[in-house]
Amino acid sequence: MAEHSSEVASHGARVETLDLREQFDTAEQQKDASTLGMWLFLITEIMFFGGMFAAYTVYRRAYPEVFAIASSSLNEIIGAINTGVLLLSSFTMVMAVRAGQLGQRNMIILFLILTLFFGGVFLGVKAYEWNEKFEEHHIPGQTAFHLEGLAPDQQGHAQLFFSLYFAMTGLHALHMVIGVGILSFLTWQAKKGIYSASYFTPVDVAGLYWHFVDVIWIFLFPLLYLIDRHLGK
Amino acid sequence: MTEHIDSVKTYVGILIALLMLTALTTAVARVNLEAFSVVVALGIATTKMLLVALFFMHIRHSNQLTKLVVLGGLLWLGILLVLTLSDFATRGWIGVPGK
């Protein structure tokens with residue numbers, strides 16, 4: 001890998017390639033810098049979502065019963081299946097990165113397309129769930145908002161739950177949509193044959209982003225769908 | 001660094017573990033564990049997060065600097081949550097005159 005990338009041109013200057021740009025000493029250093037940069041970005045994302053998780057915790061602590069009843073109105077089976085779909089997409093994503101490590105171009109494309117497929121299914125199911133909320137009048141701010149099993153003075157607290165539900169799942173879905181855009185671009189690049197075993201950093205780094213979005217959902221699922229299910233509706 | 005390539009078997013194993021934990025957390029939510037419900041739910045979620053981070057995000061094979069940065073990020077998240085909640089949890093402790 002190193003010999004290949006640090007080829008020296010006849011006049012002594014190193015040839016700048018994708019796998020070794022001028023400002024780096026070795027291909028390894030370049031890759032480590034990209035990985036570190038992505039992780040720093042992901043940490044800002046952790047803090048971004050962290051604020052929402054903090055708001056969620058404060059209000060769940062304030063209105064535990066209302067949150068339990070509101071949470072039980074969500075369909076947890078659909079939620080669990082969708083979690084499975086997203087985990088599958090993470091698996092195909094890591095397989096795409098593995099194909100990159102092995103330099104198997106066709107496999108990179110195949111696994112990226114599979115990841116896009118599962119990501120699309122997840123978003124489709126999410127859209128179906130949101131639509132259901134509209135039909136059930138569970139949209140915060142709606143004049144017709146009504147959650148069964150709650151007194152009129154508790155309806156506002158239930159709206160708080162659904163505000164958090166839409167803000168958190170919406171922000172998560174936005175990240176998914178951006179991820180789908182990135183992966184589509186990578187698939188197109190991979191088709192042009194840009195990636196090889198010595199250079200697949202964009203696939204690797206996009207993988208980190210995709211898994212991060214998966215991790216956010218891993219926490220959203222139990223926190224939104226599974227609060228005190230045993231209380232029933 | 002020679003790039004560490006995990007086997008397909010490892011990844012399939014992790015995927016199966018993640019799917020089983022999802023089924024487990026969904027099933028256990030129907031059981032009345034009182035205050036421990038949320039502990040169990042978050043415990044399972046944290047386990048899943050660790051599996052994804054260590055294996056799928058390759059933290060296992062990352063260099064020390066990346067590991068330190070990730071831990072630092074979690075530390076800041078901890079500060080955000082602990083300080084926010086310590087405020088809300090203790091507001092009622094001191095009687096405020098006139099309130």
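1. A word on angles before anything else: helix axes here are lines fitted to C-alpha atoms over the stretch in contact, and the angle between two of them runs from 0 to 180 degrees between N-to-C directions. Keep in mind, too, that this is a predicted model.

2. With that in hand, look at where H4 of chain A meets helix H1 (residues 8-28) of chain B. The two pack at an angle of about 165°, and their axes are 10 Å apart. Angles over 145 degrees count as roughly antiparallel, so that is how H4(A) and H1(B) run relative to each other. Their crossing is right-handed. On the H4(A) side the contact is made by A:Glu76, A:Ala80, A:Thr83, A:Gly84, A:Leu87, A:Phe91, A:Val94 and A:Met95. H1(B) answers with B:Tyr11, B:Leu15, B:Leu18, B:Leu19, B:Thr22, B:Ala23 and B:Thr26.

3. Zooming out to the whole interface, 37 residues of chain A are in contact with 39 residues of chain B. Helix H2 (27-62), H4 and H7 of chain A each put at least two residues into the side that touches chain B. H2(A) gives the largest share of that side, 14 residues.

4. Inside chain A, have a look at H6 and H7. H6(A) and H7(A) pack at about 160°, with axes 10 Å apart, and are therefore roughly antiparallel to each other. This crossing is left-handed. From H6(A), the residues involved include A:Tyr165, A:His172, A:His175, A:Gly179 and A:Leu186. Among those they meet in H7(A) are A:Pro202, A:Tyr209, A:Trp210, A:Trp217 and A:Leu224.

5. Next, helix H5 of chain A, residues 105-135. The buried residues of H5(A) are A:Ile108, A:Ile109, A:Phe111, A:Leu112, A:Thr115, A:Gly119 and A:Phe122. What covers them includes H4 (76-102), H6 (155-191) and H7 (201-225) of chain A. Just after H5(A), check A:His137, which takes a positive phi of about 60°.

6. Last, chain B as a whole. Chain B is split into domain 1, covering 1-57, and domain 2, covering 63-90. Taken over C-alpha atoms, the centres of these two domains of chain B are separated by 21 Å. H1(B), the helix from point 2, spans residues 8-28.

Definitions and conventions. Residues numbered from 1 in each chain as written. Chains lettered and ligands numbered in written order. Predicted model: local features only at pLDDT ≥ 70, side-chain atom pairs only at ≥ 80, totals over all residues. Domains from an automatic or database assignment. Buried ≥ 20, exposed ≤ 12 C-beta atoms within 10 Å, placed from the backbone. Helix = DSSP H or I, 4+ residues; strand = E, 2+ residues; numbered from the N terminus. Contact = placed C-beta atoms within 7 Å. Parallel < 35°, antiparallel > 145°, perpendicular 65-115°, else oblique. Left-handed = near helix turned anticlockwise from the far one by under 90°.
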